[in-house]
Amino acid sequence: MKGLLSAILAMALLFSVSCKNSDRDLDNSTGSSVSAWTSMNHFHNIMREVHRVAQVDSVLNGVNPSDALLPDNCMDSLVRTPNLGPFPIDVEIFYSDFKSCEGQRNRSGKINATFNGSYSDLGTVIDVTLTDYMVDNVSISGDIKMTVIQSVIDSLIFDVEITNGSLTDFDKPGKNQSYFDANIVFNNSTGRKTIPTNDDNFVMTGEGNGIAENGVIYSYIIENEMVLLPDCEYEQFGSFRLSAPNTQDRICNVNEGDGCDNIFQIAIPPANGNQVVEIK
């Protein structure tokens, strides 16, 4: 999918020169920006779900068994194969349709993660796939490769490649599917000094591309690092720039609402104004 998206994007850009200034002046749609943040947000949260399991685990992260904790997420069950190692270890995180937790999205299906080494060891690679995975009636599939590139006392940094991303929102009639690829840096920037994950912040930088539900082919780059706090399902700080053929760039600031919310501001310079919208 990554190669396909890149090729389609390149072809579309060739035709963008034919766009008239008057067309650009009337450009105020927000659909591609909503698709982009929705995709980013879901995949950022999938990686955080993996973190919430691995960080507190005696086998996956070498935590002293007396200090190991149950994961701080809304999963139903966790299976390691082989259970006590050695690596590589396949991990299945299962979410039940019948279990819900206050302050967390309703998830179902499985996150599958293969660890080739201890979670926080330099060079460890975690390959993540999804099986029948849904969040609030949005079906999500894709492949994530997380590689540890820095591990210090209070920071764990991953180089991340997301490919074949696809989201289908079953609450929407008609066009409801989007596609997504990205290369990002995923940084557990604070909280590693303690074993629990309820104080762990994440910071994301990088770029990606996709096809929005409305068919718009876009690319994006994170201009101000996006921050995912431990008690919220949505990034509360940061901004990204979204570009698409025949349109003005969108400057998307996710720090628009009050506290933990799904609201963000889309600015369309130079003269198309600001709009405040939300994701699911």
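Which handedness does the disulfide of Cys 232 and Cys 260 have? I looked this up in a predicted model, where local features need pLDDT of at least 70, side-chain atom pairs count only at pLDDT 80 or more, and totals for chains, interfaces and linings use all residues. Residues are numbered from 1 along each chain as its sequence is written, and side-chain values use heavy atoms, with hydrogens and water left out.

**Entry 1: disulfides**

I took a disulfide as a pair of cysteine sulfur atoms within 2.5 Å, and I found two. The torsion about the S-S bond of Cys 232 and Cys 260 is about 85°, so this disulfide is right-handed. Cys 232 lies in the loop between β9 (217–228) and β10 (237–243), and Cys 260 in the loop between β11 (250–253) and β12 (263–267), so the link ties together parts 28 residues apart in sequence. Strands here are DSSP runs of E, at least two residues, and helices runs of H or I, at least four, numbered from the N terminus.

I read Cys 232 as buried at 3% relative accessible area and Cys 260 as partly exposed at 42%; buried means under 20%, exposed over 50%, partly exposed in between (1.4 Å probe, protein chains only).

For Cys 74 and Cys 101, I noted sulfur atoms 2.1 Å apart and a right-handed link with 85° about the S-S bond.
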